[in-house]
Amino acid sequence: MFQLEPIAALATAPGIGAIAVIRVSGEGAIEITNRIFRGKDLTQQASHTAHFGTLRNRPDASGTESIIDEVLVTVFRAPKSFTKEDVVEISCHGSEFISQQILRRLTQEGARLAKPGEFTQRAFLNGQFDLVQAEAVADLIASDSDASHRAALNQLRGGFSKRLKELRQQLIDFVALVELELDFGEEDVEFAHRDRLRQLMLDIRRVLHPLIDSFSTGNAIKNGVPTVIVGKPNAGKSTLLNALLNEEKAIVSDIPGTTRDVIEDELFINGIRFRLIDTAGLRQATDRIEAIGIERTQQKMRDAALVVYLFDGKNIEPNELQLAVTEVRESGKPYLLVGNKLDAITDQKRLALEDILGETVVWISAAKQTHLEELKSALSARVLTDAAVQTGSAVVTNARHYEHLTATDEALARAIAGLDSNVTPDWLAMDLRVALQHLGEITGEITTDDLLESIFSKFCIGK
């Protein structure tokens, strides 16, 4: 553990509020704060104690120290703090003017203004947590749904990084033995037992594959699930969007082709944020503007994480429906079939349509707003098919982690193929080193200044 120069920043959101919190961390943080604080001597106080007093400006010509604010100062002594450095948190009144005056005084006494994410970066450098957990701090702050909160909290608590570290250490031990063989190349000795090495690599890949597969779900949970509503004109897409959002977001009309452009809004269902997208009806365009709208619909389908195909159960013909659903299936996207106008069709026709499709259909009446809860449950269930999300196991939400996990898996696959081909130890060691490099970059055991700058610059100032 080491302490760097003192830094200071506003730790709460800027703006007017009841209180604001200013954080100071680093060598001399307590002494710097004590020089502008009037109350108890902070340098003599125990860690994790709070003290009431005032913060003062520098003396004027007459020697008077004017009061900036009445504050509550909390002292955290190294290493029992977020950064493992000496830390002071100043709770003041939530005026931007007051906050700026306090920061000005702190810089006058020797602190400098913190850069984005610098407090969390120091916590990482001092071993408070690994790089995956550090990135989870930013995800936790940005979480806006129950699912994204759970995923970030799980990673903050260690998630998959602890398991990766254990496997990486075992692999390091084998790589050392393989490289030792290179020193005895002419004697044809084998220090790294090949069967045990193969088994270890297979074990690592078994850990990696569920993590890699979880990224599509994890990324959707973190950023919202792009859910496009498609179907023929007058199927009730805009009516459904309005009913789900409980507001008149889209224009509803009996005239086919009313929706010419893409309409988007957000809806939270069972802790998951869905980005609902209403689109132009899929048909042969009658004019240039409608053609543009239909092309945008097709683009949104390509970009979507989930497609809701809505059809008019009253007016659609079985063969027509079958052709349309076949096209949705061939898109390769996860989809949900939703039959509209349930109130206007017979049970016989409903069952006949389901029999032709050969799969489950969620039946609703968008206009009468019936069975919408069943639709919401089906939407969330379609996303939460990943057992990892349901059980709270590790879910990969970070594209950087996904890229390194994929690269690790590819390197191990090459190494296993090399074992099958009886490659020389130097070729085997090369692929194993690549795997170790990528595993180390995930957890931060291998870092560069550019990598840390890229990661922590995305954090808010004060965190």
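Over which residues does pLDDT stay under 50, and how many contacts beyond four places in sequence does the model have for them?

## Confidence

The answer is residues 386-392, with 13 contacts beyond four places in sequence; a contact means heavy atoms within 4.5 Å. Here pLDDT is the predictor's confidence in each residue, from 0 to 100. For the protein chain the mean pLDDT is 81, and 84% of residues reach 70 or more. Residues 282-287 have pLDDT below 50, and the model gives this stretch 17 contacts beyond near neighbours in sequence.

A word on ground rules: this is a predicted model, in which local features need pLDDT of at least 70 and side-chain atom pairs count only at pLDDT 80 or more, while totals for chains, interfaces and linings use all residues. Residues are numbered from 1 along each chain as its sequence is written, and side-chain values use heavy atoms, with hydrogens and water left out.

## Helix 2

Let's turn to helix 2, residues 96-108. Helices are DSSP runs (H or I, at least four residues), numbered from the N terminus.

At the start of helix 2, a side-chain oxygen of S95 comes within 3.2 Å of the backbone nitrogen of F97. Along the helix, I98, S99, Q101, I102, L103, R105 and L106 are buried, meaning under 20% relative accessible area, with exposed over 50% and partly exposed in between (1.4 Å probe, protein chains only). G110, with a positive phi near 125°, follows helix 2.

## Aromatic rings

The structure holds three aromatic pairs, that is, rings of Phe, Tyr and Trp (its six-membered ring) with centres within 6.5 Å; planes under 30 degrees apart count as stacked, over 60 as edge-to-face and the rest as tilted. F215 and Y402 are stacked because their ring centres are 4.4 Å apart and their planes at 15°. Since F215 lies in helix 8 (residues 215-223) and Y402 in helix 15 (residues 399-420), the pair ties together parts 187 residues apart in sequence. F215 is buried at 14% relative accessibility, whereas Y402 is partly exposed at 29%.

## D431

D431 lies in helix 16 (residues 425-443) and counts as buried, at 14% relative accessibility. Leaving aside neighbours within four places in sequence, D431 is in contact with A411, R414 and A415. The side chains of D431 and R414 are joined by a polar contact of 3.1 Å, a term for N or O atoms within 3.5 Å; within protein, one must be able to donate a hydrogen and the other to accept it, and residues adjacent in sequence count only if both atoms are side-chain atoms.

Technical notes
Helix = DSSP H or I, 4+ residues; strand = E, 2+ residues; numbered from the N terminus. Expected span 1.5 Å × (residues − 1).
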